[in-house]
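Visitor: Please take me closely through one part of this model: the places where its pieces meet. I would like one connected account.

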Amino acid sequence: MPVLTYSQALNEALREEMQADPRVFLMGEDIGHHGGVFRVTKDLIDTFGPERVRDTPISESAFVGLGIGSAMAGMRPVVELLFMDFALVAADQIVNQAAKMRYMSGGTLSVPMVIRAQQGGGRGNGAQHSQSFESWFAQIPGLITIAPSTPADAKGLLKSAIRAGNPVMFIEHKLLYSTKGEVPEGEHIVPIGKADVKRVGRDITIVSYSRTLLFALEAAEQLSRQGIEAEVIDLRTIEPLDMDTILESIRGTVRLLVVHESHTNCGLGAEIIARVYEQAPDTLITPARRLGAKHVPIPVAEALEDAVLPQVADIVKAVEEMM
Amino acid sequence: MPLSPNRLPDAYRQMLVIRKFEEAIRDLYMGGKIRGSFHPCVGQEASAVGACWALQKDDYMTCTYRGHGQALAKGLSVRAAMAEMLGKATGCSKGKGGSMHFTDPSVGLLGANAIVAAGLPLATGAALASQLQKQDHVALTFFGEGAVNQGVFFETLNLAVVWKLPVIFVCENNHYSEMTVSHETTSNSETYKRGESFGMPAVVVDGNDVEAMYAAVEAAAERARSGGGPTYIEAMTYRLWGHMMGDPEGYRAKEEVARAREVEPIVRLGKRLKELGYSQSDLDTLNAEAEAIIADALQFAQNSPAPKPAEAFTDVFA
């Protein structure tokens, strides 16, 4: 199986879907001849031309809105935001328009559109270029939210997102683009709403996604050397949430830790743990825990950013305390 | 081709349907039968009818929360609109959208919008779809002059020109942004100049003259269809009622409204029809026909069932 970077896997998904479906087209800043700041759209303009790989002005509200309008009129736009932080500039179009259009129209309109962007910290990009918004998006009825951690999942989920027929927030991570992995060629589809057990273990379930999923796997390796076997679940899709996979896992491990890079406060960890106590109240033998960013804006200096964002050592320590 | 004089009686009836629709909603609202807000378009019927009648049925349109008339003029069923206002299962959005979200893609209506200026990029996106699909649909977006200070207004005008999209921007200038006199909060209240500054043709039209509106939109649509890109039309009109039900209208004098009533679109078209030789009895007949259409819609809506509670959980996703 070919080994690709996360960027190359996304590029392959876009290329295949554009070849298969003439309705699919791309819009975003610097995505044409420049190929995207993170190279995800590299060379696509050579194959598909500037009509279908459209460089936009720096006008997030307008080009997200144009995406929605074109989707309602039969196209399948994939809109790239340079940084997910800029989704806030287009928040009206995403939240008030895209997410609600089908509902407000009584099902007569639909918005088959993907908004892709990278998010997260770890690179010193500062407070306006390092945020993680999946908990916000998951609070909006009408949006599907996806956050793959591996190149294979990135390809398979992007293809599913483009075909989903609904507005999808497709969350990439700036520090995953150069990671490598085996990626199936051609028709490789990962279903939306299905988590994946990335490591099997008996002692504790660690639920994560996106870049912190890799941290969880690394922590599991270290814990294994102490004789603690962690099961690591990659959510892959944030909304709809695959609770079945989580519940099945904790019935065996009876311990749960949720790890994410977005802020802990009102974050996905709180949601998952609340659902666990509602749906399987007597399963856990030790209180569930969550790890996320501390409640400050994301700083630039490495020593500061590392103190704010969850690290591998934090995961190891939390698990040790729970055993 | 200008709007044929033969169609003016139909336009008169259509404008009366819109007026009577709003009057019926007012009565229902006062009787506590309408939930939420109601933003009447009374006085702005000519721009709605003139503009929409210059389009094809499958041309796209977005409108505003003051858009009942625009939606009806584009072809939304009066019954479905009335039922939507009363929150009935037979409403155009099954009771989920209400007054500010009239939608009917079968007549190109991609939704009214409750966010000021949000419909501009949506219509422009539909125009982009038409261009990409090599079809000759155009898109028209209605907005008020209150929308011209929103960021997305400027962003969208720019993109429409840069990509030469087949879109028509129709600003209904009714002089009031909600409860504020527009020129007091707008640096240059001749909004067409904003369209012009992006390099698109921009015209000012008497928005209370249905024939003038038709001609302006028809020319813009023809230009758009032949690859000439967007046009900006500023339709000068007047909002005869308040921003919404319950607006005390402290921002304007009663005399100003009284003067506006003398030149409002239905009065004007009535005079024009008489000049063309129609009698008062002809006008009365058109009026009675409009009344019958509204009475039928009211009866349909009132006799329609409320949506079942389970319906609240459908139509979130395709």
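Guide: A residue is called buried under 20% relative accessible area, exposed over 50%, and partly exposed in between (1.4 Å probe, protein chains only). By that rule E249(B) is partly exposed because its relative accessibility is 24%. Its partner is R252(B), and the two form a salt bridge (a side-chain nitrogen of Lys or Arg within 4 Å of a carboxyl oxygen of Asp or Glu). Their closest N and O atoms lie 2.6 Å apart. R252(B) counts as buried, because its relative accessible area is 9%.

Two notes before we go on. Residues are numbered from 1 along each chain as its sequence is written, and chains are lettered from A and ligands numbered from 1 in the order written. The model is predicted, so to speak of a local feature takes pLDDT of at least 70 and of a side-chain atom pair 80 or more, while totals for chains, interfaces and linings use all residues, and side-chain values use heavy atoms without hydrogens or water.

Now to where the chains meet. Contact means heavy atoms within 4.5 Å. Chain A brings 41 residues to it and chain B brings 37. Together they bury about 3100 Å² (accessible area lost on being put together, summed over both, 1.4 Å probe). Carbon and sulfur atoms give 66% of that area. On the chain A side, L66(A), Y103(A) and M104(A) supply 22% of what chain A buries against chain B, more than any other three residues. The count of salt bridges between chain A and chain B is zero.

Which elements of chain A supply at least two residues each to the side that touches chain B? They are strand 2 (24–28), strand 3 (53–55), helix 3 (60–72), helix 4 (91–98) and helix 5 (101–104). These names come from DSSP: helices are H or I runs of at least four residues, strands are E runs of at least two, both numbered from the N terminus. Helix 3 of chain A gives the most, with ten residues.

Next, stay inside chain A. It has domain 1 (3–182) and domain 2 (196–322), with bounds taken from an automatic or database assignment. Over C-alpha atoms, 26 Å separate the two domain centres. Domain 1 puts 26 residues into the contact, and domain 2 puts in 23. They bury about 1900 Å² between them, 57% of it on carbon and sulfur atoms. E134(A), A147(A) and S149(A) supply 22% of the area that domain 1 buries here, more than any other three residues.

Two salt bridges cross this domain interface. On the domain 1 side of chain A, helix 6 (134–138), strand 6 (144–146) and helix 7 (151–163) each give two or more residues.

Look at D153(A). K198(A) forms a salt bridge with D153(A), with the closest N and O atoms 2.7 Å apart. D153(A) also pairs with R236(A), at 3.0 Å. D153(A) and R236(A) are both buried.

Salt bridges also join into a network in chain A. Its members are E12(A), E16(A), E17(A), K155(A), K159(A), R163(A) and E187(A). Over all chains the count comes to 40 salt bridges.

What packs around helix 2 (residues 44–52) of chain A? Its buried residues are L44(A), I45(A), F48(A), G49(A) and R52(A). They pack against helix 1 (6–20), strand 2 and strand 3 of chain A.

Finish in chain B. E45(B) lies in helix 2 (residues 45–53) of that chain. E45(B) counts as buried because its relative accessibility is 0%. Leaving out residues up to four places away in sequence, E45(B) touches M15(B), I18(B), R19(B), P265(B) and I266(B).

E289(B) and R13(B) meet in a salt bridge, 2.6 Å from N to O. E289(B) is in helix 11 (residues 280–303) and R13(B) is in helix 1 (residues 8–30), so the pair ties together parts 276 residues apart in sequence. E289(B) is partly exposed at 31% relative accessibility. R13(B) is partly exposed too, at 23%.

How values were computed: Buried area is the accessible area (1.4 Å probe) that two parts lose on being put together, summed over both.
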